[in-house]
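Good morning, and thank you for coming. May I ask you to keep the sequence and the model in view while I speak.

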Amino acid sequence: MAVPTHTVTNQVPPLVAYDVYASDPALTEGVARHAAPERLDEITSELSELGRSAGSAQARRWGEEANACSPVLRTHDRYGHRIDEVDFHPSWHRLLGHAVSAGLTTAWARPDGHLRRTAGFITWTQAEAGHGCPLSMTHAAVPALRAEPSLAAEWEPRLTSRTYEPELMAPGAKPGALFGMGMTEKQGGSDVRANTTRAEPLAEEGCYVLTGHKWFCSAPMSDGFLVLAQAPGGLTCFLLPRVLPDGTRNPFAIQRLKDKLGNRSNASSEVEFSGTWARRVGEEGRGVATIIEMVAATRLDCVSGSAALMRQAVAQATHHAAYREAFGGPLIDKPLMRNVLADLALESEAATTLALRLAAAYDADGEHERHLRRIAVPVAKYWVTKRCPAVAGEALECLGGNGYVEESGMPRLFRESPLNSIWEGSGNVQALDVLRAMQREPQALNAFLVEIGQARGADHRLDAAVKDLLTELGDLEGIEARARRVVERMAVVLQGSLLVRYAPAPVSDAFCASRLGGDWGTAFGTLPHTLDLAAVVDRARPVVE
């Protein structure tokens with residue numbers, strides 16, 4: 001029934017029916033910059049198709065439904081048999097199936113594979129972030145499995161398949177498989193060397209039975225897991241399948257699903273192993289060294305996932321401001337709101353540009369790129385994931401009260417925003433890993449300095465920031481207590497170097513003036529008013545056809 005006083009005006013249309021990929025210049029330009037020219041048209045077509053799907057009303061609805069209906073644990077069937085299965089809403093399967101078919105678990109053997117996948121991950125997870133966990137675990141398991149060639153030959157074709165099959169079945173019957181990971185335990189957290197799960201060798205070479213627990217087991221509905229356990233020779237990496245080759249279930253007791261702040265569409269669990277069969281990956285006692293490549297790949301996904309969340313937050317904020325009117329005109333034209341939006345856009349573009357550069361480093365795989373990855377991945381993981389909650393919160397505020405209600409989608413973005421900073425090692429772990437890289441692999445620091453040095457002389461504020469950073473790096477007194485400060489400076493200098501080289505002048509100028517030149521406050525919206533902020537905002541605003 002119509003009510004005379006209830007006339008709806010000045011409400012913003014939903015941000016749907018747009019190409020998430022094509023409407024993001026930082027993303028499209030980054031792909032064009034790093035991709036082989038002869039493959040660019042193919043890659044662009046592939047990513048635009050994914051972008052249109054990500055920006056559709058259908059994908060938005062899938063994301064809403066997958067988060068409104070959280071996974072449900074079923075420990076037993078109706079007859080009392082232990083089954084330990086997780087039920088998901090059909091929209092979760094639609095999201096995951098679309099991602100797998102789009103190649104988001106396929107990177108290691110494709111030309112420009114990591115660049116394609118990272119760009120696709122940033123694009124598609126803007127529709128819904130939670131299902132990015134099994135995508136990331138599956139993708140990242142490949143380099144760890146290659147430590148055991150026989151296992152890689154058996155499992156890699158399944159992990160890189162474009163076929164999604166959610167049912168648990170014998171590995172040989174699966175056209176495609178997903179992987180999870182279990183490293184942390186109750187008593188250790190990030191200190192995985194304190195793990196107590198035991199691995200006892202069997203008569204068959206490379207086979208063991210595991211007894212113990214995992215406090216966080218990612219994606220427990222997966223077909224297999226890489227886990228750490230104490231073998232006779234020390235902490236070792238193992239492949240633990242959910243279903244054994246003969247089709248019987250491997251003992252894998254899911255004790256409960258975690259009740260999480262965000263990431264609610266995805267299942268995270270506590271699991272118990274009791275006589276659980278597993279195969280060794282790599283040598284006994286080399287568990288951390290074996291699984292570290294998986295960890296590095298998932299850390300890059302933390303960067304990409306945070307870049308995706310920031311991009312979607314900025315897209316929503318700029319879209320809202322373009323349509324919402326207040327005080328005589330659109331919000332986007334108000335100088336103070338424009339300052340806020342431009343500041344958010346800078347953070348988002350810097351994150352995306354850095355993520356793509358690191359993805360390209362995986363594809364190039366020369367000496368410089370390998371050493372750069374070793375140090376720049378934890379640098380980026382530390383800083384980009386730290387910036388994500390601040391961006392999500394400020395973008396939510398741009399929508400005012402409308403941003404605080406669930407229908408806007410902004411609360412889900414905000415709840416998701418702290419996750420990547422915690423996942424795969426919190427901030428302190430990343431900062432200390434950067435110090436470890438500098439101390440044990442001096443070539444890594446040299447590669448970092450060579451990389452930022454490519455912008456030398458292009459901006460005086462960047463040059464001054466590099467000089468200050470070198471002074472900071474040369475002072476070893478109290479370096480562990482200063483690790484966060486050092487890594488933060490490394491991150492913003494690296495981002496500044498990339499933007500000076502590649503971004504339009506209004507973007508690089510604003511970034512250097514604020515992040516490097518010190519002309520910035522302690523909250524978003526404090527950029528110098530003399531900058532070309534309108535150009536920065538226009539670049540960040542998504543185009544809806």
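First, the basis. This is a predicted model, in which local features need pLDDT of at least 70, side-chain atom pairs count only at pLDDT 80 or more, and totals for chains, interfaces and linings use all residues. Residues are numbered from 1 along each chain as its sequence is written, and side-chain values use heavy atoms, with hydrogens and water left out.

Let us begin with charge. Side chains of opposite charge can pair when their charged atoms come close. I call such a pair a salt bridge when a side-chain nitrogen of Lys or Arg lies within 4 Å of a carboxyl oxygen of Asp or Glu. How many salt bridges does the structure hold? The count is 44.

One of them joins K214 to E185, with 3.0 Å from N to O. This pair links distant parts of the chain: K214 sits in strand β5 (residues 207–218), while E185 sits in the loop between β3 (179–182) and β4 (198–201), 29 residues apart. By buried I mean under 20% relative accessible area, by exposed over 50%, and by partly exposed in between, using a 1.4 Å probe and protein chains only.

A second salt bridge joins R515 and E347, whose closest N and O atoms are 2.7 Å apart. R515 belongs to helix α17 (residues 505–516) and E347 to helix α9 (residues 335–364), so this pair ties together parts 168 residues apart in sequence. R515 is buried at 12%, and E347 is buried at 3%.

R374 is partly exposed at 23%, whereas D433 is buried at 8%. Through shared partners, salt bridges join R299, R374, D433, R436 and E441 into one network.

I turn now to the nonpolar cores. Such a core is a set of buried Ala, Val, Leu, Ile, Met, Phe, Trp, Tyr and Cys residues joined through side-chain atoms within 4.5 Å. The largest has 125 residues, and L145, L226, I291, M294, I375 and M490 have the most contacts inside it. Which helix gives the most to this core? Helix α8 (residues 287–323) does, with 17 residues. Setting aside residues up to four places away in sequence, I291 touches A144, M181, M183, L226, L228 and C237, where contact means heavy atoms within 4.5 Å. A second, separate core of 41 residues includes L15, L95, L178 and F225.

In helix α6 (residues 132–145), 14 of the 14 residues are buried, so the helix is largely enclosed by the rest of the structure. Helix α4 (residues 90–101) has as its buried residues S91, W92, L95, L96, G97, A99 and V100. Among the elements that cover them are α3, α5 (113–124) and α6. Just after α4, G103 takes a positive phi of about 90°.

One residue deserves a separate word. V31 lies in helix α1 (residues 25–34) and is buried at 0% relative accessibility. Leaving aside neighbours within four places in sequence, V31 is in contact with Y21, L40, I43, L47, L115, A119 and L356.

Finally, the cavities. The lining takes at least two residues from each of α3 (57–68), α8 and α11 (410–416), and α11 supplies the largest share, four residues.
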